[in-house]
Amino acid sequence: MGVLALLWGSGFLWIKIALSGGLSPLHITVIRCALGAAVLLALARLGRQRLPLDRRTWGHLAVAALFCNVLPFLLAGIGEQSVDSGVAGVLNATTPLWSLAIGLALRTERGLRPRRLAGLLLGFAGTLLIFAPWQHSGLTGWGALALLGASLSYAVAFAYMARHLIGRGTAPLALSAAQLLAATGLTTAALPVGHASSAGPSGTALIAVVVLGVFCTGITFHLNSRLIADEGPTAAATVGYLLPVVSVTLGAVVLDERIGLRVIAGMAVVLVGVGLTRPRSAAATAGPAREAARAEGVRS
C-alpha cells in the first residue's frame, strides 16, 4: 500500500509536466496506457502467465478499462489544465467515499464498523486540512467537475473489477496487462479527434509521460489490483488519502518546500484515518480470501 501511494502520489506532478510540455490529455492517456500495458505484458511473459481468451472476460475488461483507465486518465488531464494542485488533491481524495457509497448501494460493502467509517471520514478531513481548498481557486468550474468525475470513475471501476474480474481464475499480472491493453485500444481509437500541439512535445514532457506510463500506470495498476483482491474496493480506495501525504513529503524533501503546522496536523489525521481502516488482525484479512475461495468452489 505504501509503494502504491508513493508511485500514484507522484502522478499529478508528471501529468502537469507533460501538459506544460505540449502533450494533450488524450495523448498522455494513450501513451501511459500503452507503456503500462507493455510493462505488464513483459512481466506476465516472464511469469509465464497467459492472457484470457474468452470473449466474456474481454467484455468485462473493456468496461473496467473504460472506467478505471480511459475516463479517469483523460479527465485528470483535462482537470489539471485549469485546476491547481490543492483542489485536485481534495477532489481525488473523494474516491474512498464514492467507493463506500457504491458498496453500500450494491450491498457489496460488508463489515462496515464504526471504526472503519470513522477512518474514512478522518482521512478525508485530513486531506482538507493539508490542501485547505478554501484558500485556492477552482472549486467550481469544468476542471473541478472533471477531477470529481475521475474520482467517481475510479470508484465505479474498483467495484466492477472486484465483482467481475478479480479472483476469477486469470493470473493477476496477465489480468492487469489485458485491461491496460484494452484501455490502449479504446484510447487509440479516439486519437483522430485529439488535439495535437503544432510545436510538438518537449523532451521533458516525453520523459514525464514515460515515467507516468511505466511506474505510475503499469506497476501502480498491478499493485492496485492486488490490493482490491486482498482487501476489497473500499479498502483499496483509501490509498487516495495517502497521496497528499506523499506529495507534501516529496515536496519538502526534494524541493525544500516549507510545511506548516496545519499541513503536519492534516498528515497526522490522514495517517490515523487510514490506520483505522486497516484490518486489525490476520483473521480480518482472511475474510475476503475465504469468500473468494468459497466462490471458486461453487463455480468449479
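Here is a chat about helix packing and cavities in this predicted model.

Colleague: Before we start, what pLDDT do local features need here?

Modeller: Residues are numbered from 1 along each chain as its sequence is written, and side-chain values use heavy atoms, with hydrogens and water left out. The model is predicted, totals for chains, interfaces and linings use all residues, side-chain atom pairs count only at pLDDT 80 or more, and local features need pLDDT of at least 70.

Colleague: At what angle do H2 and H3 pack?

Modeller: Helices here are DSSP runs (H or I, at least four residues; strands are E, at least two), numbered from the N terminus. Axes are lines fitted to C-alpha atoms, for helices over the stretch in contact, and angles run from 0 to 180 degrees between N-to-C directions. H2 covers residues 11-20 and H3 residues 25-46; their axes are 10 Å apart and the angle is about 125°.

Colleague: What do we call H2 and H3 relative to each other?

Modeller: Under 35 degrees counts as roughly parallel, over 145 as roughly antiparallel, 65 to 115 as roughly perpendicular, and the rest as oblique. H2 and H3 are therefore oblique.

Colleague: Which residues of H3 does H2 meet?

Modeller: Contact means heavy atoms within 4.5 Å. From H2 come Ile15, Ala18 and Leu19, and they meet Pro25, Ile28 and Arg32 in H3.

Colleague: How do the residues of that H2 and H3 contact divide by class?

Modeller: Ala, Val, Leu, Ile, Met, Phe, Trp, Tyr, Cys and Pro count as nonpolar, Asp, Glu, Lys and Arg as charged, and the others, Gly among them, as polar. For H2 with H3 that gives five nonpolar, no polar and one charged.

Colleague: What volume does the largest cavity have?

Modeller: A cavity is a set of points, on a 1 Å grid over the protein atoms alone, where a 1.4 Å probe fits but cannot get out; lining residues have an atom within 4 Å of a point. Grid points are joined across faces, edges and corners, and a volume is the space filled by probe spheres set on the points. The structure holds four cavities of 30 Å³ or more, and the largest has a volume of about 160 Å³.

Colleague: Which helix gives the most to the lining of the largest cavity?

Modeller: The lining has 16 residues, with Trp8, Phe12, Ala76, Asn92 and Tyr154 nearest the centre. H2, H4 (55-79), H5 (85-92) and H8 (142-164) each give two or more residues. With four residues, the top contributor is H8.

Colleague: And which helix gives the largest share of the lining of the second largest cavity?

Modeller: That cavity has a volume of about 110 Å³, and its lining includes Trp8, Arg32, Tyr154 and Phe158. By class, the lining has seven nonpolar, four polar and one charged residues. The largest share, five residues, comes from H10.

Colleague: At what angle do H6 and H8 cross?

Modeller: H6 spans residues 95-106, and its axis comes within 8 Å of that of H8. Among the contact residues are Trp98 and Ile102 of H6 and Tyr154 and Phe158 of H8. The contact has ten nonpolar, three polar and one charged residues. The crossing angle is roughly 45°.

Colleague: Which residues of H10 does H8 meet?

Modeller: H8 and H10 pack at about 60°, with axes 10 Å apart. The contact holds five nonpolar, two polar and no charged residues. Phe158, Met161 and Ala162 in H8 meet Phe221, Asn224, Ser225 and Ile228.

Terms used. On a 1 Å grid over the protein atoms alone, a cavity is a set of points where a 1.4 Å probe fits but cannot get out, and a pocket is an open set with protein on both sides within 12 Å along at least five of seven lines; lining residues have an atom within 4 Å of a point.
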